[in-house]
Amino acid sequence: MKRFLCILLAFSAALSLAGCTQKHQPKEPVVFYYRTAINQKNFTDSMISSEIRDIYGMSNDFGLIISEYLKGPKSDKCISPFPAGTTLQSADIVSNKAYVVLSVHLSTISGAELMLACSCIAKTILEFSQVRTVEIRASNGLLNGQESITIRAKDFIYYDEFASTGPIINDESVDPTKAP
């Protein structure tokens, strides 16, 4: 009788575990930030645009998410700010700081182009609730003459649409530069 109960218990446990496993993990949205595809007629648009991606079971794998990010945008409103061939060499989060090492391709850009690329990936990484600072390096290369670029969440200045269009009164925009 004990043998029968043990077999029945083992069979029940196996059956309940089989019901818990899923072939597909639920969709988990992540915001990826890229360079905005340039619109020559509207200079007030932000240089950084976002797209939402659904990731499957990657939410606990920081490196895998960054590798997916580096594959580039799927939307035509965004373009990758990174040189072709840029790959992830390593990624880690320690004490609210993300450390990201990209391939040497990153060191082939400089100035505003490099800062835009670093800002895009940092803004993406700062979406992780445990990250407050991002340190970016290029494998075997310097970035604007430095070993790394560090970006904090508070380093971003956000675009204030109200400041450029003026207040909205009766569904009409008031131009702050023109007197009534």
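**Exercise 1. A charge and a ring**

Which residue lies over the face of Tyr 33, and at what distance from the ring centre?

Solution. The model is predicted. Lys 123 lies over the face of Tyr 33. The distance from the ring centre is 4.7 Å.

**Exercise 2. Layout of the chain**

State how many helices and strands the protein chain has, and give their order.

Solution. 
1. The secondary structure comes to four helices and nine strands.
2. Starting at the N terminus, the order is α-β-β-α-β-β-β-α-β-β-α-β-β.
3. The chain has 180 residues, and buried residues make up 33% of them.
4. The chain exposes about 12,100 Å², of which carbon and sulfur atoms supply 56%.
5. For contacts between residues at least 6 apart in sequence, 55% join residues at least 24 apart.

**Exercise 3. Aromatic pairs**

Classify the pairs Phe 32 with Tyr 69 and Phe 62 with Phe 128, and locate the partners in the chain.

Solution. 
1. A pair of aromatic rings is described by the distance of the centres and the angle of the planes.
2. The structure holds five aromatic pairs. In one of them, Phe 32 and Tyr 69 are 5.4 Å apart centre to centre, with 85° between the planes, and the pair is edge-to-face.
3. This pair links distant parts of the chain: Phe 32 belongs to strand β1 (residues 27–36) and Tyr 69 to helix α2 (residues 62–70), 37 residues apart.
4. Phe 32 and Tyr 69 are both buried.
5. For Phe 62 and Phe 128, the ring centres are 5.2 Å apart and the planes stand at 85°. Planes over 60 degrees apart count as edge-to-face, so the pair of Phe 62 and Phe 128 is edge-to-face.
6. This pair too links distant parts of the chain, with Phe 62 in helix α2 and Phe 128 in the loop between α3 (111–125) and β6 (133–138), 66 residues apart.
7. Phe 62 and Phe 128 are both buried.
8. Ring pairs also link Phe 32, Tyr 34, Tyr 69 and Phe 82 into a cluster.

**Exercise 4. Helix α2**

Is α2 mostly covered or mostly exposed?

Solution. 
1. Seven of the nine residues of α2 are buried, and the helix is mostly covered.
2. The buried residues are Phe 62, Gly 63, Ile 65, Ile 66, Glu 68, Tyr 69 and Leu 70.

**Exercise 5. The largest nonpolar core**

Which members of the largest nonpolar core touch the most other members, and which element gives the most to this core?

Solution. 
1. In soluble globular proteins, nonpolar side chains tend to be buried together.
2. The largest nonpolar core here has 37 residues, and Leu 102, Leu 106, Ile 121, Ile 125 and Ile 136 touch the most other members.
3. Two or more residues come from each of β1, β2 (48–56), α2, β5 (97–102), α3, β6 and β7 (148–152).
4. α3 gives the most, with eight residues.
5. Take Ile 125 as a case: neighbours within four places in sequence left aside, Ile 125 is in contact with Phe 62, Ile 66, Ala 98, Val 100, Val 131 and Val 134.

**Exercise 6. Cysteines**

How many disulfides does the count come to?

Solution. 
1. A disulfide is a covalent bond between the sulfur atoms of two cysteines. The cut-off for the pair of sulfur atoms is 2.5 Å.
2. The closest cysteine sulfur to that of Cys 78 is in Cys 120, at 8.6 Å, so it is too far for a bond.
3. For Cys 118 the closest cysteine sulfur is likewise in Cys 120, at 9.3 Å, too far for a bond.
4. The count therefore comes to zero disulfides under the 2.5 Å cut-off.
5. Cys 78 is buried, with a relative accessible area of 5%. Cys 118, at 0% relative accessibility, is buried as well.

Definitions and conventions:
Residues are numbered from 1 along each chain as its sequence is written. This is a predicted model: local features need pLDDT of at least 70, side-chain atom pairs count only at pLDDT 80 or more; totals for chains, interfaces and linings use all residues. Side-chain values use heavy atoms; hydrogens and water are left out. Rings of Phe, Tyr and Trp (its six-membered ring) pair if their centres lie within 6.5 Å; planes under 30 degrees apart count as stacked, over 60 as edge-to-face and the rest as tilted. Buried means under 20% relative accessible area, exposed over 50%, partly exposed in between (1.4 Å probe, protein chains only). A charge sits over a ring if NZ of Lys or CZ of Arg is within 6 Å of the ring centre and within 35 degrees of the ring normal. A nonpolar core is a set of buried Ala, Val, Leu, Ile, Met, Phe, Trp, Tyr and Cys residues joined through side-chain atoms within 4.5 Å. Contact means heavy atoms within 4.5 Å. Accessible areas come from the Shrake-Rupley method with a 1.4 Å probe; for residues, only the protein chains shown count as cover.
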